[in-house]
Amino acid sequence: MKEYASILLIMATLLVQLSSGINYVTIPVVMDGQGIGNTAIGIAMSFEIIGVLLFYRPLSRYLSHFGIFLSLLILTLCRALSLLVMAHATLYSLWLIGIFSYGLSTGMLLVLLQTWLNISVQGKLKGLMMGLYSSALSCGIALGPIVLQLTHLTMNWRFEAGALITLLPLLLCFCLKARGQSMHSLGVVRVGFAFRHAKIILVAAFVGGISFFGLPGFLTLYGLHNGLSEPQAQLLLTMFMTGSVSLGILMSTFASILNRRTVVLFCIFGSVVCAVFLSMAVYAKYWVALALLFVWGGCMGGIYGIGLTVMGERFCQQDQMSANMSYTLMDSFGGIIGLLMIGAMLDGFGSEGMTAVFITFGCLLLIFFVYEMLIPRRTYE
């Protein structure tokens, strides 16, 4: 079973994200249909991330105490119940409660799977497995809209389907119960320590969070407000995540051959270019918008995959919880900022407000990255 452990964990991650992909194109549309504004939707979607930021320290101690498999069981059940709450939510307060609980359980579930994978894979295969893990994160979300179009589920049944899919990773991880590892030896969460040793990677995770949370949260509404049909608008998210899977793993492979900094710099620049031209392409040629989102997703997926590989290589087993949680926290913090700013900019400036947020933060990351490359100092990158 040892040789199949990493594959089962990656498949479990894929199923978790498949449920997320369904929810990303369902929650904003349902809330918009109830007359909730973009700013309020952005605030609600940010609750998906706030829970991880507020409770990461006590939850990390909880995970260490109960171990991986029991923690996985509890988090999965909480996630499924949260989806059932959202299926019947008509009040804004119920949306906030459901999204908060859903985001908290989802975030910790992914940290759990990522940490388990990091301590299960060693040697030359680590880079490949972390690249596959990164691809599974995006592939699951990309498949979500496709599953909806094939099954023609109603809005309420989409949440129930997501809850059922959420339970499937338990069946895969049950096969690993016999070798389920304890987390007592994984240390405590030290965000400052991780930031000192991986500053560029964690800052890139912050900006990546803006894209990986902001685009799934608003890209479908962005397409609908620009005159696209619902299947066309859902396909925008699919193309972004498909690019993250295919081009992302290609970028991660190049990073193992070429200089990592060069590949990351190329990915940052490419993402800014795609954001600049997206607002024009969506009005002119639909296929050009799809191509830009495909390349954009590949650039962001490459940054994410390279970051996971660096975190896995740079930190010893006792510091893996600190490294993975720090990465998730920066990613989540970026997601909160992105969701709030995109919602406000959409209400204030229309569709162009969304791309303006990505262009601004992409340029800031590009400047910071070049600055860190040029300064003569001791670096861990």
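In the description that follows, Ala, Val, Leu, Ile, Met, Phe, Trp, Tyr, Cys and Pro are counted as nonpolar, Asp, Glu, Lys and Arg as charged, and the others, Gly among them, as polar. The structure described is a predicted model.

The secondary structure of the protein chain consists of 14 helices and zero strands, so that, read from the N terminus on, the elements run α-α-α-α-α-α-α-α-α-α-α-α-α-α. The chain has 381 residues, and 59% of these residues are buried. Its accessible surface comes to about 15000 Å², and carbon and sulfur atoms account for 72% of that area. When contacts in the protein chain between residues at least 6 apart in sequence are considered, 85% of them join residues that are at least 24 apart.

Two or more lining residues are given by each of several helices, namely helix H1 (5-24), helix H3 (38-66), helix H5 (92-120), helix H6 (125-151), helix H9 (199-225), helix H10 (230-257) and helix H13 (320-349). Sorted by class, the lining of the largest cavity comprises twelve nonpolar, eleven polar and two charged residues. At least three residues of this lining come from domain 1 (1-177), and at least three come from domain 2 (187-380).

The second largest cavity holds about 100 Å³ of space. Its lining is made up of 13 residues, and those that lie nearest its centre are Val207, Ser211, Ser271, Phe358 and Gly362. The elements that supply two or more residues to the lining of the second largest cavity are H9, H11, helix H12 (286-314) and helix H14 (352-374). By class, this second lining has ten nonpolar residues, three polar residues and no charged residues.

If residues up to four places away in sequence are not counted, Gln17 touches Leu110, Ala136, Leu137, Gly140 and Ile141.

Arg158 is placed in helix H7, which covers residues 155-174. Although arginine is counted as charged in the classes used here, Arg158 counts as buried, because its relative accessibility is 8%. Leaving aside its neighbours within four places in sequence, Arg158 is in contact with Ile22, Val25, Thr26, Leu148, Leu153, Glu230 and Gln234.

Val29 is found in helix H2, which consists of residues 27-33. With a relative accessible area of 15%, which is under the 20% limit, Val29 is therefore buried. The C-alpha atom of Val29 is separated by 9.2 Å from that of Phe218, a residue 189 residues apart from Val29 along the chain. Apart from its neighbours within four places in sequence, Val29 is in contact with Met155, Thr220, Leu221 and Leu224.

Two further residues, Cys274 and Ser279, can be described together, as Cys274 has its place in helix H11 and Ser279 lies in helix H11 (residues 260-284). Cys274 counts as buried because its relative accessibility is 5%, and Ser279 is likewise buried, since its relative accessible area is 15%. The C-alpha atoms of Cys274 and Gly297, which are 23 residues apart along the chain, are separated by 9.5 Å. When residues up to four places away in sequence are not counted, Cys274 touches Leu292, Val295 and Trp296. Not counting residues up to four places away in sequence, Ser279 touches Tyr222 and Thr355.

Conventions: Residues are numbered from 1 along each chain as its sequence is written. This is a predicted model: local features need pLDDT of at least 70, side-chain atom pairs count only at pLDDT 80 or more; totals for chains, interfaces and linings use all residues. Side-chain values use heavy atoms; hydrogens and water are left out. Helices (H or I, at least four residues) and strands (E, at least two) are DSSP runs, numbered from the N terminus. Buried means under 20% relative accessible area, exposed over 50%, partly exposed in between (1.4 Å probe, protein chains only). Contact means heavy atoms within 4.5 Å. Accessible areas come from the Shrake-Rupley method with a 1.4 Å probe; for residues, only the protein chains shown count as cover. Domain bounds come from an automatic or database domain assignment. On a 1 Å grid over the protein atoms alone, a cavity is a set of points where a 1.4 Å probe fits but cannot get out, and a pocket is an open set with protein on both sides within 12 Å along at least five of seven lines; lining residues have an atom within 4 Å of a point. Grid points are joined across faces, edges and corners, and a volume is the space filled by probe spheres set on the points.
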